[in-house]
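Visitor: Could you zoom in on one buried spot for me and walk me through what surrounds it? I'd like the details in one go.

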Amino acid sequence: MPTAFRRSPAVRIGLSIAVATGLYGVSFGALSVASGLDLWQTVALSALLFSGGSQFAFIGVIAGGGSPIAATGAAALLGIRNAVYGMQLNMLVHPRGWRRFVAAHVTIDESLATSTGQTDPVEQRRGFWVAGLGVFALWNVFTIVGALAGEAIGDPKQWGLDGAAVAAFLALLWPRLQSRDAAAIAVVCSVVTVVAIPLVPPGIPILVAAVVAGILSWRARPGAGTPAPRTAEETS
């Protein structure tokens, strides 16, 4: 029998994740305004793009003087993972009708982690919706708070908000560096990014690093680059 909603472990986890993640919206709102975007552009990014890593990448490129095209490319690269998440979550949540569009929009790291962390199908669905909708609501609320307070705060660096963006990226990356290959690829991509920064326009280094990561990931796959064994007919 399903656990009562108010005692659901997935609901409790989802709410706690929503609060912790939503607070990052303050740093995004302040940094977005500091990078040159206005209030409504900042609000639109959180409401429509709604992918923390992609949003920070977008404003980072803009703040560095990059073009909107380069900023969009950097944001899109980080957002590809959500499409992969969607295939897995579609099998767990089974959204129908208009819920499919809502589910696609709130498919993020937090809703995936909360859902897949449960074993009961009911709890998986609860975790997904509570975390996804909770993060969406609080992220957008605190984005507005951060954007409105941006001018009053002044230089974001004085308050450590630039460090919050870095911390968000590290929190997203760290759990994925469990294997030696993944850690090695991350180190190589970091070096490539540092080398490329003075040589190419803002926003391009992350695209270069993404290409390098894709090549190294493909070569690291078992059997990649190894010819398939010849059959008996081919050897005869």
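Guide: Let's start with Asn140, which touches Val43, Ser46 and Ala47, leaving aside residues up to four places away in sequence. Keep in mind that this is a predicted model. Asn140 sits in helix H8, which spans residues 121-153. Its relative accessible area is 12%, under the 20% cut-off, so Asn140 counts as buried.

For a contrast in accessibility, hop over to Val19, a residue of helix H1 (residues 9-22). With a relative accessible area of 44%, Val19 is partly exposed. Val19 and Ala131 are 112 residues apart in sequence, yet their C-alpha atoms are 9.3 Å apart in space.

Now for some helix packing. Two packed helices are described by the angle between their axes and the distance between the axes. Here, H2 (residues 24-34) and H4 (residues 52-63) pack at about 20°, and their axes are 10 Å apart. Since angles under 35 degrees count as roughly parallel, that makes H2 roughly parallel to H4. The crossing of these two, H2 and H4, is left-handed. On the H2 side, the contact is made by Tyr24, Ser27, Phe28, Leu31 and Ser32, and they meet Gln55, Phe56 and Ile59 in H4. Sorted by class, the contact of H2 with H4 has 5 nonpolar and 3 polar residues, with no charged ones.

How values were computed: Residues numbered from 1 in each chain as written. Predicted model: local features only at pLDDT ≥ 70, side-chain atom pairs only at ≥ 80, totals over all residues. Heavy atoms only, no water. Axes fitted to C-alpha atoms, helices over the stretch in contact; angles between N-to-C directions. Helix = DSSP H or I, 4+ residues; strand = E, 2+ residues; numbered from the N terminus. Parallel < 35°, antiparallel > 145°, perpendicular 65-115°, else oblique. Left-handed = near helix turned anticlockwise from the far one by under 90°. Contact = heavy atoms within 4.5 Å. Nonpolar A, V, L, I, M, F, W, Y, C, P; charged D, E, K, R; others polar. Buried < 20%, exposed > 50% of the residue type's maximum accessible area, 1.4 Å probe, protein only.
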